[in-house]
Amino acid sequence: MDIELVMPVLGVEIEEGQMRAWQKSEGDSVIQGEVIAVISTPKLDMDLESPATGVLKTIIVDEDEIAAVGAVLAIIEADEDDATD
Amino acid sequence: MPKILHVDPSLTRQKTVLAIKSIPIHAYDTPLATERAALGDGRLRRMLRDMMIIREFETMLAGFKGQGAYAGIKHIYAGPAHLSIGQEAVAVGSAAALDAGDHVFGSHRSHGEFIAKGLSAIQKLGGDALSQIMEGQAGGQLLRTLEGRLGTNDIRQRAEQFLLFGLLTEILMRSNGFNGGMGGSMHAFCPALGIYPNNAIVGGSAAIATGAALYKKLHGQGIAVANIGDGSTACGPVMEAMNLAGMGQLTNLWDEAYQGGLPVLFLFHNNFYAMGGQTNGETASWDRLSRLGAGFNADNMHAETVDGTNPLAVMDSVRRKRDLLIARRGPALIDAECYRYVGHSTTDASAYRTKEEIEAWRSVDAIAGFALSLKAEGILDDEAEAEMLAGVKQTIQQITALSVDPEASPPIDIKADPFAVGRLMFSDELATLPGGGALIAPAETCSRVTQLAKRSRVGKSPEGKKLSAMAAITIRDALFEPILHHFQHDPLLIAYGEENREWGGAFGVYRGLSEILPYHRLFNAPISEAATIASAVGYALEGGRVIVELMYTDFIGRAGDEIFNQMAKWQSMSGGVLRMPLVLRCSIGSKYGAQHSQDWTGLVTHIPGLKVVYPATPYDAKGLMASALAGNDPVVFFESQRLYDTTELFQPEGVPTDYYRIPLGTPDIKRAGKDVTILTIGPSLYKAIDAAETLATEHGIAAEIIDARSLVPFDYDLVLTSLAKTGRLLLVSEACERGSFLMTLAANIQRFGFKHLKAPVEVLGTPNWIVPGADLESSYFPQAHDILDIVCNRLIPDLARPATGDRLWDNVALARQGL
């Protein structure tokens, strides 16, 4: 099952964030809660955790790109067990 | 909030008791014979003599204050005389245990500590060092005066005369005093002998000495001593200082080379009275002052109570504390119990204590008691004691005669030099950056640096579209760049404040710096605004350079004394001996209501001795921060939280990547015009630009917009030139109008440029009431339509534009209501 990783709400007045760095590459295994990327707002850097255990299937927003809050940053293919939990 | 310190509920929630170690009270019992064997007779006799010198010196001051005469020398002394007669053993005992390079910071009652520390340093320094110090004081002027008038071939005797003469002429506010007469009785000092500012604010020295200790830990040697009174235990900043000096990170987080509590000794001269309030039993909650140590750490701050009538007991304690401080186990606390026979000041009739009490303490007098002990041990006899006292009296009389003599000690001639005091307010020096600032990783590896390298330096795209704060350099980034530059090139620069390290400051200006700066150069301060700023004062006056941050300008109230009396004054009160390279960053908030949104620029511009800056664009922020950090004067650097994300919209080339400086004090034209001048401070610039656009398009009026950028100093020429062209002026800022810097500007421009004016100078600040909540802010802070209303209805009434805002008030009626 595919799960979207989205640019989180970073504050009521912040409309966009920047992808600082991906800690994982496409095809890497990821665990739910593991930090897989760092995003930036003008004021702070923030860790982004994987929403599921599985594989980082597709990176949509590359490093240094700016994305709106709610935009899909990557697709995680969740493990069957994890998805049925 | 470092992640490596784990707060574990399973540990913190365990049932246990807090075991507190006992605190020694009057534990000293070393036989005098033992001390004699270790110190030698000469040193013990000198301690007695030093106490006699202090008492005779203060007796002389008491004579001048009370009878206008001492030993036949007539003099009326108008200044303060807070005497320590009775307390001499604490001053002499502690100074005996200090090295010449240890620094003492005192109180309003510190003549004794001054003399004792000076005499101790004179014994410990070599002849060459003493010559150098005396030659270095005002180009050897004080020494030359002595040489022509008092004979001696002994360098130490000469240095003793120098010490007493420089102090007394300072107390009498003569031009040849140690601080050029700018310090006086309560603030005399002589850094070359390790005597640092004595402070007229009770407890003021606690956190300043703590900052001096921080400098000593990082770049110097020895210890700092805060000589403060028992009354100061009730002062918040003293408590803040004792916490700061021992905060956990010093041992848990700092690099090994800098680990351990700060080498500062809080030496309480506990004379049982805080002016007329009795500390123990009346105004203090403690029963023994030393108990306070238990509140700060498991070592009780090594606290103990010692007999302040016995110089040897004090010396023994200070020596042991000093060893602990040098072994990085600071801070330390000593409660030295003593008694002043005289009043708090010469107008104090001692209505709060009995004659019996004073007599009881006289019976255990430090000087008489010590003399008796020395005689009992065969170190002194009656004849030698009488000779010693006669010699002391002769010395004080000689020095006194010389000090009141206007030929030898000329009063400050303010008529001949009206700016003699004014010239001392700022050094206006620019420091050279030595290079070699310690980093833990190269600056190029800092994530923020790589991030900013990819950003646009201009705030607009080639098509004229405004770029977001993610895409272009903002004020936040523009502040970061010169700060990083100075960290790289100035090894003495440190920064601290709340949330400064991992968080990068609450508004992210320092974000990324923790990757490349060691803890001792960038650290999180406790929520102790007073101690944060006062310690920065201590660090700066020792020779360091420091940036401290107030998260909100509204917290200035928590550090009022430290900003207004300490940071602002030591440069001038030292008579130009000290420098104060301290930048205080204050961010001005919004949306958080009445206690988090105030522009208090007017409070600091009111205080002489502070430079004040408030940039509104990234280009200006970068250049002004560079100048603030390069100068040797204290700067209050205001930043608007609303503008941190602002990109560069005025400079066509954007914010230069390279380091540059904009001189403090130069306003800048942000939009040229000929019909009306609008001078703004801070974020109001952008409202004025919007208003100017409307004036141009709808009324054909060309407004000239000037951004003040700096408030102190301020060059009026640019504004007056503009006024000569336009004849009309509106001033806009986000500070309450009453008492604001806008009002100062308005009054001055009216005086300086009256001939140019076609209409009265108009002022648009915020109303004289509290900042309301976020939703009402646009009704409070001046908006473009408010500016238009005033320009079109008051400055150029011909325009007769219908009012769109609600700020065309009857200001006379409002003032009547206190609004």
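Helices (H or I, at least four residues) and strands (E, at least two) are DSSP runs, numbered from the N terminus.

## The model

This is a predicted model, in which local features need pLDDT of at least 70 and side-chain atom pairs count only at pLDDT 80 or more, while totals for chains, interfaces and linings use all residues. Residues are numbered from 1 along each chain as its sequence is written, chains are lettered from A and ligands numbered from 1 in the order in which they are written, and side-chain values use heavy atoms, with hydrogens and water left out.

## Backbone details in loops

Pro331(B) sits in the loop that runs between helix H12 (311–326) and strand E10 (332–337) of chain B. The peptide bond leading from Gly330(B) into Pro331(B) is cis, and its omega is near 0°. Another cis peptide bond joins Val712(B) to Pro713(B), with omega near -5°. Pro713(B) belongs to the loop between strand E20 (710–712) and helix H24 (717–726) of chain B.

His26(B) has a phi near 45°, which is a positive value in a residue other than glycine. This residue, His26(B), is in the loop between helix H1 (9–12) and helix H2 (32–39) of chain B.

## Domains of chain B

Chain B has three parts: domain 1 (32–408), domain 2 (443–643) and domain 3 (668–816). The domain bounds come from an automatic or database domain assignment. Between domain 1 of chain B and domain 2 of chain B, the C-alpha centres are 36 Å apart. Their contact (heavy atoms within 4.5 Å) involves 35 residues from domain 1 of chain B and 34 residues from domain 2 of chain B.

Buried area is the accessible area (1.4 Å probe) that two parts lose on being put together, summed over both. For domain 1 of chain B and domain 2 of chain B this area is about 2,700 Å², and carbon and sulfur atoms give 70% of it. Ile208(B), Tyr215(B) and Glu240(B) provide 20% of what domain 1 of chain B buries against domain 2 of chain B, more than any other three residues. A salt bridge is a side-chain nitrogen of Lys or Arg within 4 Å of a carboxyl oxygen of Asp or Glu. By this rule, the interface of domain 1 of chain B and domain 2 of chain B has zero salt bridges.

## Where the chains meet

In the contact between the chains, 17 residues of chain B meet 14 residues of chain A. Together chain B and chain A bury about 1,200 Å², with 46% of it on carbon and sulfur atoms. Gln451(B), Met470(B) and Arg511(B) account for 46% of the area that chain B buries against chain A, more than any other three residues.

Two salt bridges are counted between chain B and chain A. The side chains of Arg511(B) and Asp45(A) form a salt bridge, at 2.6 Å from N to O.

## Cavities

On a 1 Å grid over the protein atoms alone, a cavity is a set of points where a 1.4 Å probe fits but cannot get out; a pocket is an open set with protein on both sides within 12 Å along at least five of seven lines; lining residues have an atom within 4 Å of a point. Grid points are joined across faces, edges and corners, and a volume is the space filled by probe spheres set on the points. The whole structure holds six cavities of 30 Å³ or more.

The largest cavity contains about 50 Å³ of space. Its lining includes Thr210(B), Leu214(B), Trp254(B), Tyr496(B) and Phe523(B). Domain 1 (32–408) and domain 2 (443–643) of chain B each give at least three residues to this lining. Ala, Val, Leu, Ile, Met, Phe, Trp, Tyr, Cys and Pro count as nonpolar, Asp, Glu, Lys and Arg as charged, and the others, Gly among them, as polar. In these classes, the largest cavity is lined by eight nonpolar, two polar and no charged residues.

The volume of the largest pocket is about 1,600 Å³. It is lined by 42 residues, of which Glu13(A), Lys591(B), Gln641(B), Arg642(B) and Asp645(B) are the closest to its centre. The largest pocket lies between domain 2 (443–643) and domain 3 (668–816) of chain B, because both give residues to its lining. Helix H23 (residues 684–699) of chain B gives the largest share of this lining, four residues. The lining of the largest pocket comprises 22 nonpolar, seven polar and 13 charged residues.

The second largest pocket has about 510 Å³ of volume. Among its 18 lining residues, Asp45(A), Met46(A), Asp47(A), Lys3(B) and Glu502(B) are the closest to its centre. E5(A) gives the largest share of the lining of the second largest pocket, three residues.
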